Amino acid sequence: MTRILAIESSCDETAVAITEGGKLLANVIATQVSVHEKYGGVMPEIASRLHAENITVCLNEALAKSHLALSDIDAFAVTRGPGLIGCLHVGLQAAKTLAMLYQKPLIPVHHLAGHIYANEYAGNFIYPLLCVVVSGGNTELVVMKGDLDFAIVGETMDDAVGECYDKVARVLGLPYPGGLPIDQHAKLGQPTYELHPPRMPHDTLDFSYSGLKTQVINLVNTLKMKGEPVRLDDMARSFQDVAIKMVVDRAMRAAKKYAVKQIVLAGGVSANSHLRERMKEESAKRKLDLIIPPLWCTTDNAAMIAKVAERLYERKVFAPLTLGVDPNWRIDEWDKFD
Ligand code: KG4
């Protein structure tokens, strides 16, 4: 049975997972959230340094949990992109070193493919399917006609939806990352503030979040200047309704246009309670199958990287030891690397 060790370090989580014949033996995550919290966002230089400090600890813990030694591993997989360049480098150097030392294949994995395949821990894919990828760094609609066959049919023109949540949370004085606190406050409020989606063609599958963020900032500043209080719960609800409607509307439009049988949610924002509810309602109306990832694999982890790596191992998609990272790697170019 093939044993794969996967490393993820694209943002602020250092993670190592080990699988054996597809079974998850270890899934270790060292999160840096508490460090970046005080800056209100990920500080890339600090993140890379912490990855360098944590990677060996995570490797040792994953090996101990799976009762394996490095010499038992058949292939070393790593997130090659997209992500923060210095952070990606730490994971890649570790994987390259191990592949070289143990003379085993090096498998380059696309981070978003990982988020998508995380759903296989929750259900089976039915093609064609639509992936709604909503995270801190990406907002994309991806159609898959088969295994590893990705076509981007919609993407954000500016900010990612998670990034917008984090920036709005900061303006509202909520902690980083802002997705969960906004989600929690929104449940207690009413959509009493007038916020609008961006003006875009009615049939577009693309997103834009910077205008929504600016509306909230301007509204909060105006209220402060007038000496009026910001009703936090209502503001969170008003923002969340518009932000999530944009995702749901486009997802349903894309599902119809590409006649998909299934929708899968992926990325950190797929933890959002309102998004989950609305996607369930709209998918049920259209008799579409829906996979919602378990909460443990909505945020960055290496178990999802291992899932993709298993397939790449079967197809013998291996990289040379000269492999470099690609912070802007496109998912439809997952097999282009050098
Ligand atoms: O997937 P992820 O770790 O980021 C990237 O890989 O890019 O997702 C992190 C993002 C953050 O922006 C965070 O605020 C958001 O996911 N998030 C949420 C929720 N939980 C996390 N956004 C909305 N509602 C949530 N419940």
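Q: Why is Ala259 called exposed in this predicted model?
A: In this predicted model, Ala259 has a relative accessible area of 55%. The term exposed applies over 50%, so Ala259 counts as exposed.

Q: Where does Ala259 lie?
A: Ala259 is placed in the loop between α8 (232-257) and β9 (262-266).

Q: Why is Leu148 called buried?
A: The relative accessibility of Leu148 is 5%. Buried means under 20%, and therefore Leu148 counts as buried.

Q: Which loop holds Leu148?
A: Leu148 belongs to the loop between β7 (139-146) and β8 (149-155).

Q: How is the peptide bond from Gly81 to Pro82 described, cis or trans, and what is its omega?
A: The bond from Gly81 to Pro82 is cis, and omega is near -10°. Pro82 is found in the loop between β4 (75-81) and α3 (85-102).

Q: What kind of peptide bond joins Tyr127 and Pro128, cis or trans?
A: Tyr127 and Pro128 are joined by a cis peptide bond with an omega of about -5°. Pro128 sits in the loop between α4 (111-117) and β6 (129-134).

Terms used. Residues numbered from 1 in each chain as written. Predicted model: local features only at pLDDT ≥ 70, side-chain atom pairs only at ≥ 80, totals over all residues. Heavy atoms only, no water. Helix = DSSP H or I, 4+ residues; strand = E, 2+ residues; numbered from the N terminus. Buried < 20%, exposed > 50% of the residue type's maximum accessible area, 1.4 Å probe, protein only.
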